[in-house]
Amino acid sequence: MIEAINVSKSFNNHEVLKNISVKFEKGKTNLIIGQSGSGKTVLMKCLVGLFPIDKGSINFDGRSFSTISYEEKKKVRQEIGMLFQGGALFDSMNVEENVVFPLSMFTEMSNNEKIERANFCLKRVNLENVNKLFPSELSGGMKKRVAIARAISANPKYLFCDEPNSGLDPATSIVIDNLISEITQEYQITTVINTHDMNSVIEIGDKIAFIYKGNLWWEGDKNSILHTDNKEINDFVYATELTRRLKGK
Amino acid sequence: MKILSEVGRYLVLMKQVFRKPEKQSIYRKQLWLEMDNLGLDSLGIVAIISIFMGAVVTIQMAFNVDSPLIPLYTIGFATRKSVILEFSPTIVSLILAGKVGSRIASEIGTMRVTEQIDALEIMGINPAAFLILPKIIASIIIYPFLILVSMFLAISGGWLAGSLTGLVATNDYVYGLQYQFKMFDITYALIKTVVFAFLTASVSGYYGYYTSGGALEVGRSSTKAVVNSSIMIILFNLILTQLLLA
């Protein structure tokens, strides 16, 4: 479980996160949702330690991530997998080298074992025979899947996904969403997804935290979000003509 | 104040760069890769520039030494001195600051803006050390080799130009090259080269690492890296010359 307790973060005296306390549970896909500029990306970056927090604490299964030393933080990070918005695959490495990289860095596995593991992870994300391709030769959806394969190659306890569907068509988005959800349940990972895609919310939102103007405004799941009276939530959920029509039906 | 802040940030980055590597075998692999990328890839341009500059230095010397009182071997002697003391270590390092410096800054800067550095950090890897340390060590190893090649080619270029144009006979040129030869000149040139290699790789790495924004900023970082590496080379050239030769 990942826990943020009274987390605040400011940039140039502008408070972006205001005293946020939220828990992300193991084996569930936990979604952070909110409008652009609401602070959800900053919250995710604070959770993984890319931004230092001003106040509060962040715990990974009881280990205080915000107060431990740099070396201890590196050890916790070895248990984290992250899927970035653009994939963040290493351009100079091919698909196989990208997936194998965390294993080469932190395990004593032999080359054959690493390649076997890479092939397993790539197969798990429905990618085969792409091992020798470079990121520039992949489509957007393939890049995301390779990034997921890389993120899970070292058996992470925690998986963070920053807008996994951005730039993808609806059909590919659902494939990616379901893949993340399946992996989360299969390996009992604590998954945190940052998104503003309502399809993802309805498909895989086991737990949802709605961030509004830097505050944790609402918590619930994919069922309760459709029936809440909260005005800001409804403005967000029913922002499009399509969702308004579906609500009318 | 801004300069002090930049120097402080550079020193903090260097502290991070020289932390213990997570896995030495991976860093060694990176080192070989960087030696190829930064060093061997530069061999062509170093060779072309060295041959032509050596030729030009010799021809200019020959035209300036037109008094019958000055022996012709002075041309070889002056060419050797210019090439070993200044042209190869400093001018070639300045050219490499342009080629290697922009490459380092744009490579690391692009990794920064495409979140590849964040990805390394989240994996529990020290990105500053992983990206910059192999480049610094590779430069320190490969630059002296490039400079020795440059010295050889520049002197050969001078000999070719002198003999083909008939300005200086081979015997005189070779005698001039050997005349009052001091091994310390080479040592001095190599000491300067190692310092310039460190400055180019580390300063360019610094500007690449702290790139923020997009493609435009990567270009800006690359330009800053080249300009500031060149300024540092010129500054340290003066300091080292004063320290080692005065």
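Reader: What makes the pair B:Asp185 and B:Lys81 a salt bridge?
Author: Their side chains meet at 2.9 Å, N to O. A salt bridge needs a side-chain nitrogen of Lys or Arg within 4 Å of a carboxyl oxygen of Asp or Glu, so the pair qualifies. B:Asp185 lies in helix H8 (183–209) and B:Lys81 in helix H4 (73–113) of chain B, so the bridge ties together parts 104 residues apart in sequence. Helices here are DSSP runs (H or I, at least four residues) numbered from the N terminus. The model is predicted: local features need pLDDT of at least 70, side-chain atom pairs 80 or more, while totals for chains, interfaces and linings use all residues. Residues count from 1 along each chain, chains are lettered from A and ligands numbered from 1 as written, and side-chain values use heavy atoms, without hydrogens and water.

Reader: Why is B:Lys135 called buried?
Author: Its relative accessibility is 1%. Buried means under 20%, exposed over 50%, partly exposed in between (1.4 Å probe, protein chains only), so B:Lys135 is buried.

Reader: What makes B:Glu107 partly exposed?
Author: Its relative accessible area is 29%, which falls in the middle class. B:Glu107 also pairs with B:Lys135 in a salt bridge at 3.1 Å, N to O. B:Lys135 sits in helix H6 (127–165) and B:Glu107 in helix H4 of chain B, 28 residues apart.

Reader: Why does A:Arg150 have no salt bridge?
Author: The nearest side chain of opposite charge, A:Asp91, is 8.8 Å away. Lys and Arg count as positive, Asp and Glu as negative; His and the chain ends are not counted. A:Arg150 belongs to helix H5 (140–153) of chain A.

Key: Helices (H or I, at least four residues) and strands (E, at least two) are DSSP runs, numbered from the N terminus.
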